[in-house]
Amino acid sequence: MKPLPLRRLCSLSKTVSSSAAAVALPSPSRPPPSFSLSPAQDPITLLCDRGRFSEAIDLLSCQRRLPPSAPRRLDISSSARRIASAAISSGVSLPLVLANRLLDLLAKSGALPDARLLFDSLPHRDVCSWNTLLAGYSFAGDLDEAKRLFDRMPDRDHFSWSTILSAHSRRGLPGEALHFYRSMLRASNGKGAIFSNRFTASSALAAATAVPCLRHGKEIHCHIVRMGFDSDAIVWSALSDMYAKCGCINDARHVFDRIADKDVVSWTTMIGRYFDSGQRMEGFYLFSQMLRLGVQPNEFTFAGVLDACSHLAMEGLGRQVHGYMTRIGYGPLSFSVSALVHMYSKCGNIEKASVVFKGMSRPDLVSWTSIICGCAQNGHSEEATRFFDLLLQSGTKPDQIVFIGVLSACAHAGFIDKGLRIFHSIKDEHSLEHTSDHYACVVDLLSRAGRFEEAEEIIEKMPMKPDKFLWASLLGGCRLHKNLRLGKRAAEALFDLEPENAASYVTLANIYAAAGMWDEVEKVRKTMDQLGVIKKPGSSWIEVKRKFHVFLVGDKSHPMTEDIYMQLDKFNKRMKEEGYVPDTDYVLHDVEDEQKEENLAYHSEKLAVVFGIIATPQDTPIKVFKNLRICGDCHTAIKFISRISRRIIIVRDSSRFHHFKEGMCSCRDYW
DNA sequence: TTAGGGTTAG
C-alpha cells in the first residue's frame, strides 16, 4: 500500500504517526447492469402485450435499482403507467404482491395520480398497499393527503407509523412528527402491538434533532435503550447527531465512540458536527482518524471537510483533500466538486477554482453559484458576469441566490448600468421575486457610486422592511462619500436592528471623524460605553509552513516581532517617500495626528503582511486573512508595499478578497 | 411488495 497522501492530516493526528497511516484504494467499480435493447423494441410493451406483467414489473424494478449515474434505458414513470393501463384494460387481476410493487413504481416515479387510480381499482388491499400509497404522498410532499390517507387506514403497522413520522420530520414539521411518535407509543400500548422499531426510533430522533429539543431526544434515547435498539448503527448515528445539534457535542462524541459498527455516515456526521460547533480542529483530527482506520470517505465527507477548509482558509489541507478525491475518483457531476470550487475561491485561489469548475461537464446551479460568487469576492467582477451569461446560455434556470452573486460583483466593480439591468431582469425576465438581499445589493451598487437619491427611492418603494444588510451597505456608501445625513439614518436603523453590533457605531463615528465632528464622535463613543457595546478586536492571520501566525493591533507577542517592526518601519519610510499619506480618517479616537499615525502603522493586517514578506520566498503570494473588514489606510499602504516588495499580496477580509499586485488592488479601490 | 441517519452556493 502506498502512503496516505494526506500527510498534513496525519501530522494533525494525536496518536498515530504519519508514516504508519495508509488507506486501501477502493476496488474498481463494476459496470452497471444494462439491458441490450434495440431502439425499435419496447420491452415493456412487448411483455404487456403477452400478458407477462410480472416480468415487466421485474424489469422495471431492476432498472430502478441502477445507480443514478448508470445509463437508464427505460423511463420508470411512463413504463409503469403503461403496465398499469395494460393490466387494467386487459381485465387481468394482478396478484396483490405484484399490484403493490407496481403501485410503488408509480408512486415513487412521480405518477401519483396513476398510483391512486390503481389503488382505487384494486379489489383487495392489504396494509402494504396503503403504506405504499402513503409513502408516495409523503415522498411527493403532499402531507395533507398523506395524513388523510393515514387517518383512513383500516390497519396500521410499523411501516405506516415510520412513513408518516419521517414524512413530517423531513418536510420541516418535526413537532408534528414527534406528535405522531407519541401517538404511536400510545397505540402500541393500547393495542398490545409494538410499533416502535429502529426505523421509527431514528426518524423520531431526526425530528427531535430538527426541533431541536434535547428533552424529547433524551426521552427517545431512554426508549431506545429500553427497547434494545442499540445494535443499529443508524439509530446510534441519529442519536449522536441529536446530541450534537442540541448543543451537547461531548455527549454526541460519547455516543459516537460507543457505536460498534461505525459506517461512513456515522463518521461524516460526527466530523460535521465538530465543524458546526466551531471545533474545526477536532473535526480534522477525527477525519484523519477515519482515514487511518481505512474507512473510505464519500462525497458528503469531502464536502464537509472542504467547507471547514474554506472557513479557515486552509488551502494546503483543501488541496490534499482534492488530491485524495482525484485518487479515489469522483464524478464530474458530484456535489463535492462545488465544495472544491468554493474552497479554492475562499482561499483566494480563483484560478484553481476556475480550472476545477471548467472540468465539470454539466455544472449544476450550485456550482455556477460557487464560481460566480467566488469571482465576485475575489474582485474578478467581469469574469463573474461572464460566468453569469454562460449560466443563462447553458439553459440552467437561475435562482434568487445566484443573482446575489452577480449583483454583488457589479456593485464591487461599479458596473452600475449592468447591475441595474440585472436587478430588473430578476422580475421582468426570470419571473422571480426580489428578495431583501437583492435590494441590499442594488442599494450597495447605487450608494457606492454616490447615487443616493436613487438608492433612497428604491428603499421607499421596496415591498418589505429594509434589513440590516441593506442599511449596512448604505452606511458603507455614506462613509465612502461622506454623506452625513443618510449615514446617520442608516446607522440609527442599524442601532435599532442590532444594538450590540459595534461595527455600525464605529462606521458612523468614522464618518463624523472624517468631517472633523469630534463632539459627535465622542457622543457615539459614550453611547457605546453606556450600552456596553464592545468593539470586536481586529485580528489577522497568515499560514507559513503549516503554522498559523495570528496578529492583533500593535501586537508584540510574535517571536519575530523585532524583525517585523523593523521591516515595517522601513516600508513606512519608503512609502512616504513615494507619496503615501496615512489616512487618519479611519481612526476612531480624537488624538493628535502623530499618535493617529502610530495607531494605523501597526494594524494587524500590516503586521501579518510584513511577516509574510519576511518569512516566505519571493515568488510566493502572501495570503493574509482578517476577521473584520480591511481598514482603508491599510488598503492604501498594502498597495504601496506590494509595489515596493514586488510581491503579490492577497487579503481576505470579512466581506471579500483584495488581490494586491504592483501597487494596484483587484477591487480597484471600489469597495 | 412498503419505512430510517450525513452534503455543496449568498
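# A predicted protein model with DNA strand B

An unreviewed UniProt entry lists residues 126-160, 263-297, 364-398 and 501-535 under "repeat: PPR". UniProt positions are given here in the numbering of this structure, feature names are shortened, and such annotations may be inferred rather than shown by experiment. The model is predicted: local features need pLDDT of at least 70, side-chain atom pairs count only at pLDDT 80 or more, and totals for chains, interfaces and linings use all residues. Residues are numbered from 1 along each chain as its sequence is written, chains are lettered from A and ligands numbered from 1 in the order in which they are written, and side-chain values use heavy atoms, with hydrogens and water left out.

Two of the listed repeats can be described by their secondary structure. Helices (H or I, at least four residues) and strands (E, at least two) are DSSP runs, numbered from the N terminus. Over residues 126-160 the chain is 77% helix and 0% strand, with 12 Å between the end C-alpha atoms. For residues 263-297 the values are 74% helix and 0% strand, and the end C-alpha atoms lie 10 Å apart.

The next topic is the DNA. DNA strand B is surrounded by 45 residues, the closest being Asn100, Asp232, Ser237, Asn298 and Phe335. Of the atoms of DNA strand B that come within 4 Å of the protein, sugar and phosphate account for 36%. A residue is near the strand if one of its heavy atoms lies within 4 Å of it. By class, the surface near DNA strand B has 13 nonpolar, 20 polar and 12 charged residues. In this scheme Ala, Val, Leu, Ile, Met, Phe, Trp, Tyr, Cys and Pro count as nonpolar, Asp, Glu, Lys and Arg as charged, and the others, Gly among them, as polar. Helix H9 (residues 158-170) contributes the largest share of this surface, with 6 residues.

An N or O atom in the side chain of Asn100 is 2.7 Å from a base oxygen of DNA strand B. For the side chain of Asn197, the distance from an N or O atom to a base nitrogen is 3.2 Å. For the side chain of Asp399, the distance to a base nitrogen is 3.5 Å.

Asp232, one of the closest residues to DNA strand B, also forms a salt bridge with Arg198, the closest N and O atoms being 2.9 Å apart. This pair links distant parts of the chain, 34 residues apart: Asp232 is in the loop between helix H12 (214-227) and helix H13 (233-245), and Arg198 is in helix H11 (residues 198-210). Asp232 counts as buried at 16% relative accessibility, whereas Arg198 is partly exposed at 42%. Buried means under 20% relative accessible area, exposed over 50%, and partly exposed in between (1.4 Å probe, protein chains only).

A search of the whole structure finds 32 salt bridges, each defined as a side-chain nitrogen of Lys or Arg within 4 Å of a carboxyl oxygen of Asp or Glu. In one of them, the side chains of Arg273 and Asp276 meet at 2.6 Å, N to O. Arg273 and Asp276 are separated by about one helical turn because they are 3 residues apart in helix H15 (residues 264-276). Arg273 is buried, with a relative accessible area of 15%, and Asp276 is exposed, at 57%.

The C-alpha atoms of Arg546 and Leu317 are separated by 9.2 Å, although the two are 229 residues apart along the chain. Arg546 lies in the loop between S1 and S2. These strands pair in the antiparallel sense over 6 bridges, where pairing requires that DSSP finds at least two bridges between two strands. S1 and S2 form a hairpin with 2 residues between them, and Lys545 in the turn has a positive phi of about 50°.

Note on methods
A polar contact is a pair of N or O atoms within 3.5 Å; within protein, one must be able to donate a hydrogen and the other to accept it, and residues adjacent in sequence count only if both atoms are side-chain atoms.
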